[in-house]
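Trainee: Hi! I'm new to this one, could you walk me through it?
Mentor: Happy to, let's look at it together.

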Amino acid sequence: MTARIGLIGARGHTGRELLRLIAGRDDMELAFASSREFAGRPVSEMAPEIATGLDFVAMAPDEIAASGADAVILALPNGAAAPFVAGLPEATVIVDLSADYRFDDAWVYGLPEIHGREALAGARRISNPGCYATAGQLAIAPLRGRISGDAHVFGVSGYSGAGTTPSRKNDTEALADNLMPYALTGHIHEREMARHTGEGVRFTPHVAQFFRGIVATTHLTLTEPTTREALMAVYQDAYAGEALIRVMDGIPEVRDGANQPGAVIGGFALDETGRKAVIVSALDNLLKGAATQAMQNLTLALGLPEQAV
């Protein structure tokens, strides 16, 4: 089977990664790449991996049903997905990278290493987790049910996470020699982590002057004391056999996750009581935080080999 994949919102940083990943698979082909700004330009200008002859299009929601795509990835800003979802047949697989459906029980929330692969098999409506939310959940999930109080997540992302629309958060001059906190309470990824882990979460995001990558330092209070060896073993067991999750003995840094398809979990520090733990996770916000995860979800929904991602 060669699945035909459509991409809406192809112009952004994540769209570029998705084009590369689709081109790298023998069992997928790009049906179309939609971008109003790039319409009429060859896709190969932005993604040389894509064969020549395919141009960007500006596809309206009511036009995508006629594209013949088996699946459509929506890489759009928050709040923009609904018209495209409404315009697609129920049989078409949709993977939405925005936050629009992450709180909708009618959609499958696609973080396979934590929430399982069973619900994704044959799914037609999949909500892709947020980048910070992925990093935080990977740190929190193995300890679900053993946490007292809220988990506190301190996250730092490269400025590619702010997208391509100019703002202070992707202004390299404003970011130079700087670390920029924002959304100090109520960030949507805070609510997302709390909903999908079932634990209380407090989250503070920051943006730094590097382009890509995330590091999240998570502080947890355990209900019972433990040792570092036992704590690390919990994560080794939780992610055993997961090709995209690496558990390391040291402390992950941004560079450990940047440009990598998966995530790195480490740190495993404890205070003298054995109850206050610190877990550090690192990943690429454009890959495991977006495009690679979307491809995992897509392959599982279409019954294609996930390991070829």
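Trainee: Let's start with a loop. Where is the place of Asp177?
Mentor: Asp177 sits in the loop between helix H6 (172-175) and strand S8 (179-181). Helices (H or I, at least four residues) and strands (E, at least two) are DSSP runs, numbered from the N terminus.

Trainee: Before we go on, what kind of model is this?
Mentor: This is a predicted model, where local features need pLDDT of at least 70, side-chain atom pairs count only at pLDDT 80 or more, and totals for chains, interfaces and linings use all residues. Residues are numbered from 1 along each chain as its sequence is written, and side-chain values use heavy atoms, with hydrogens and water left out.

Trainee: Thanks. Back to Asp177: buried or exposed?
Mentor: Asp177 counts as exposed because its relative accessibility is 77%. Buried means under 20% relative accessible area, exposed over 50%, and partly exposed in between (1.4 Å probe, protein chains only).

Trainee: And what is its phi?
Mentor: Asp177 has a positive phi of about 55 degrees, although it is not a glycine.

Trainee: Which strand is Phe268 found in, and what is its phi?
Mentor: Phe268 belongs to strand S12 (residues 263-270). Its phi is positive too, about 50 degrees, and Phe268 is not a glycine. Phe268 counts as buried, because its relative accessibility is 0%.

Trainee: Zooming out, how many helices and strands does the chain have?
Mentor: The chain has 10 helices and 13 strands. Of its 309 residues, 55% count as buried.

Trainee: What is its radius of gyration?
Mentor: The chain has 19 Å, which agrees with the value near 19 Å that a compact globule of 309 residues would have. The radius is taken over C-alpha atoms, and the globule rule is 2.2 Å times the number of residues to the power 0.38. Those C-alpha atoms fill a box of roughly 65 × 45 × 30 Å, taken along the principal axes.

Trainee: How do S1 and S2 pair?
Mentor: Strand S1 (residues 3-8) and S2 pair in the parallel sense over six bridges. Two strands pair if DSSP finds at least two bridges between them. Ile5 stands opposite Leu30 in S2.

Trainee: How many residues of S2 are buried?
Mentor: Six of the seven residues of strand S2 (residues 28-34) are buried, so the strand is mostly covered.

Trainee: What about helix H5?
Mentor: Helix H5 (residues 131-140) has 10 of its 10 residues buried, so it is largely enclosed by the rest of the structure. Among them are Cys131, Tyr132 and Gln137.

Trainee: Which residues is Ala216 in contact with?
Mentor: Leaving aside neighbours within four places in sequence, Ala216 is in contact with Ala135, Val153, Phe154, Gly155, Ile279, Val280 and Ser281. Contact means heavy atoms within 4.5 Å. Ala216 is found in strand S10 (residues 214-221), and with a relative accessible area of 1% Ala216 is buried.

Trainee: Last one: where is the place of Asn128, and what does it touch?
Mentor: Asn128 lies in the loop between strand S6 (125-127) and H5. Asn128 counts as buried, at 0% relative accessibility. Not counting residues up to four places away in sequence, Asn128 touches Val95, Asp96, Leu97, Ser98, Arg102, Ala290, Gln293, Ala294 and Asn297.
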